[in-house]
Amino acid sequence: MPTDDHLDHLNAPRTTSEPSTSSLALSFDTVATQYAEARPGYPPELLATIEQLAERPLAGATVVDVGAGTGIATRLLRDRGAQVIAVEPGPGMGAQLRASLPEVPLLRAVGDALPLADASADLVTYAQAFHWTDPASSVPEALRVLRPGGALAVWWNTPDPDVAWAAEQEARLKSRLPGYHASGISSGAPAVIESVTPGLTPTHRRLHWTRRVPLSLHLAHLSSRSYFANLGPERSAPVLADERTHLTKIFPSGEVEEAYAVDLTLVRKPSTRH
């Protein structure tokens, strides 16, 4: 599942004017094709960092990719040599994953109740998806499914706050979209996980990377975010038109250099002691 919609769904107060978590989560099925085409991937450094922190290679590992969405992270994990099981509740998103990765097992489920056996995986991952869960359920579920010494890894691509134009865009969107990014947790995920796993110490890393895309693809990426999808095309069109105007001034060539910060949090399940 999603994205750099970041992360306003855990323990954040909500006004009646804000869309609900369930409606936002379901909104992705309406933009599944667009999501698959426009969303960014992740830098190779991310997978190398996961291997370093997990203290094992991905090659040969059994990985449960929860909230797999259209399979962006699923594909990267598979290409690294992992044996991946995808978990995705949305039928539209799951259909995109099935079409592009037909060999990957796909389960229709959520992270709060994984239909998998105890101690059956080496790694449980959430790419852009952990914020849609209840950590009080999803973290214990991940630990249940993990083998001793296995790891839970959660991460998000977020617009890099250290890049001026990206920070300015986020400020504009926040001012125009109800509840947008009300309470981000991407850098606060260690505290969220630690609060439900006393005695375990999560590790956090922030990675920076960029990609160059046509302006039209950048706008498609924006409109695949949950808040845009929830608004619908008619109401989101003026916001996207204004973004086109702003970005044409910054990137007159028509190519946007998107800048991302990837916030990764990983926690390991204790090894069995004899």
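User: What makes strand E5 and strand E7 a pair in this model?

Analyst: Happy to walk through it. The model is a predicted one, and two strands pair if DSSP finds at least two bridges between them. E5 (residues 146-159) and E7 (residues 255-268) have 9 bridges in the antiparallel sense, so they count as paired. Along this pair, tryptophan 156 stands opposite aspartate 263 in E7.

User: Why are strand E3 and strand E6 called edge strands?

Analyst: The open sheet has 7 strands with mixed pairing, in the order E3-E2-E1-E4-E5-E7-E6. E3 (106-107) and E6 (203-214) each pair on one side only.

User: How do you know that strand E1 is mostly covered?

Analyst: Buried means under 20% relative accessible area, and 5 of the 5 residues in E1 (residues 62-66) are buried. Both faces are covered: Thr62, Val64 and Val66 are buried on one side, Val63 and Asp65 on the other.

User: Which strands does E1 pair with, and in what sense?

Analyst: E1 pairs with E2 (residues 83-87) in the parallel sense over 5 bridges, and aspartate 65 stands opposite alanine 86 there. To get from E1 to E2, the chain passes through helix H4 (residues 72-79) in a right-handed β-α-β crossover. E1 also pairs with E4 in the parallel sense, over 4 bridges, with tyrosine 126 as the bridge partner of valine 66. Both bridge counts meet the requirement of at least two, so both pairings hold.

User: What lies across strand E4?

Analyst: That is helix H3 (residues 44-54), which also lies across E5, E6 and E7 and runs at about 10° to E7.

Conventions:
Residues are numbered from 1 along each chain as its sequence is written. This is a predicted model: local features need pLDDT of at least 70, side-chain atom pairs count only at pLDDT 80 or more; totals for chains, interfaces and linings use all residues. Side-chain values use heavy atoms; hydrogens and water are left out. Contact means heavy atoms within 4.5 Å. Axes are lines fitted to C-alpha atoms, for helices over the stretch in contact, and angles run from 0 to 180 degrees between N-to-C directions. Buried means under 20% relative accessible area, exposed over 50%, partly exposed in between (1.4 Å probe, protein chains only). A crossover is right-handed if, with the strands pointing away from the viewer, the path from the first strand over the helix to the second runs clockwise.
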